[in-house]
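Student: I've got this one open and I'd like to talk it through with you. Let's start with single residues and then move on to the ligand.

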Amino acid sequence: MAYEYDTENVFAKILRGEIPNDTVLETDHSLAFNDIGPQAPVHVLVIPKGPYVNWDHFVTEANAAEITDYTRAIHAVIEKLGLEPGTGGQGYRLIMNAGEAGVQEVPHLHAHILSGRPLGKLVAAP
Ligand code: AMP
């Protein structure tokens, strides 16, 4: 599968420093920042710094260092915010939207970390 990456998407602009962001955590290959339109008291987005459209693009084309960094960066945000269940944290929901059915709006891979209240059922009724 050949993926076309839109270099003008909003997260590419954040990574180039053209748009500000409210950074939560930054690593060599990843950036986490607060969502501009939070859907819960905690709503953080975690993105790889590389130009990947979605999860499928990332896992098939990113190198091992990027994949390790990204997956651990997601965990590092969860740990930093004290959300990890089993360590006293209240838990969280981790979401990656992709394509039409997933209703992905920004075409740069991002994981949503949501928490801070009971989040209800996994998917809203149509
Ligand atoms: P998705 O529907 O999974 O593509 O989610 C895109 C998310 O990006 C939404 O939750 C938006 O609120 C969020 N978003 C869009 N622009 C920005 C921005 N400039 N800074 C932070 N979050 C943003």
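**Single residues, then the ligand**

Student: What's the relative accessible area of Val10?

Tutor: It's 33%, so Val10 is partly exposed. Here buried means under 20%, exposed over 50%, and partly exposed in between, using a 1.4 Å probe and protein chains only. Keep in mind that this is a predicted model: local features need pLDDT of at least 70, side-chain atom pairs need 80 or more, and totals for chains, interfaces and linings use all residues. Numbering runs from 1 along each chain as its sequence is written, and side-chain values use heavy atoms, without hydrogens or water.

Student: And where is Val10 found?

Tutor: In helix H1. Helices (H or I, at least four residues) and strands (E, at least two) are DSSP runs numbered from the N terminus.

Student: New topic: what's up with the phi of Val103?

Tutor: Val103 isn't a glycine, yet its phi is positive, about 55°. It lies in the loop between H4 and S5, and at 53% relative accessible area Val103 counts as exposed.

Student: Over to the ligand, then. Which residues are closest to it?

Tutor: Asp35, Asn97, Glu105, His110 and His112, out of 16 that surround it. Being near means having a heavy atom within 4 Å.

Student: Which part of Asp35 gets to the ligand?

Tutor: A polar side-chain atom, 2.5 Å from a ligand oxygen. Asn97 places a polar side-chain atom 2.8 Å from an oxygen of the ligand, and for His110 a side-chain N or O atom is 2.8 Å from one. The cut-off for a polar contact is a pair of N or O atoms within 3.5 Å; within protein, one must be able to donate a hydrogen and the other to accept it, and sequence neighbours count only if both atoms are in side chains.

Student: How much of the ligand does the protein bury?

Tutor: 83% of the 510 Å² that the ligand exposes when taken alone. These areas are Shrake-Rupley values with a 1.4 Å probe.

Student: Which element gives the most to the shell?

Tutor: H1, with three residues. Helix H1 (10-15) and strand S2 (30-34) each supply at least two.

Student: Back to His110. Buried or exposed?

Tutor: Buried, at 6% relative accessible area. His110 is in the loop between helix H4 (99-102) and strand S5 (111-115).

Student: Last one: what does the side chain of Asn54 reach?

Tutor: Two backbone nitrogens: that of Asp56 at 3.2 Å and that of His57 at 2.9 Å. Asn54 sits in the loop between strand S3 (42-48) and helix H2 (55-61), and with a relative accessible area of 10% Asn54 is buried.
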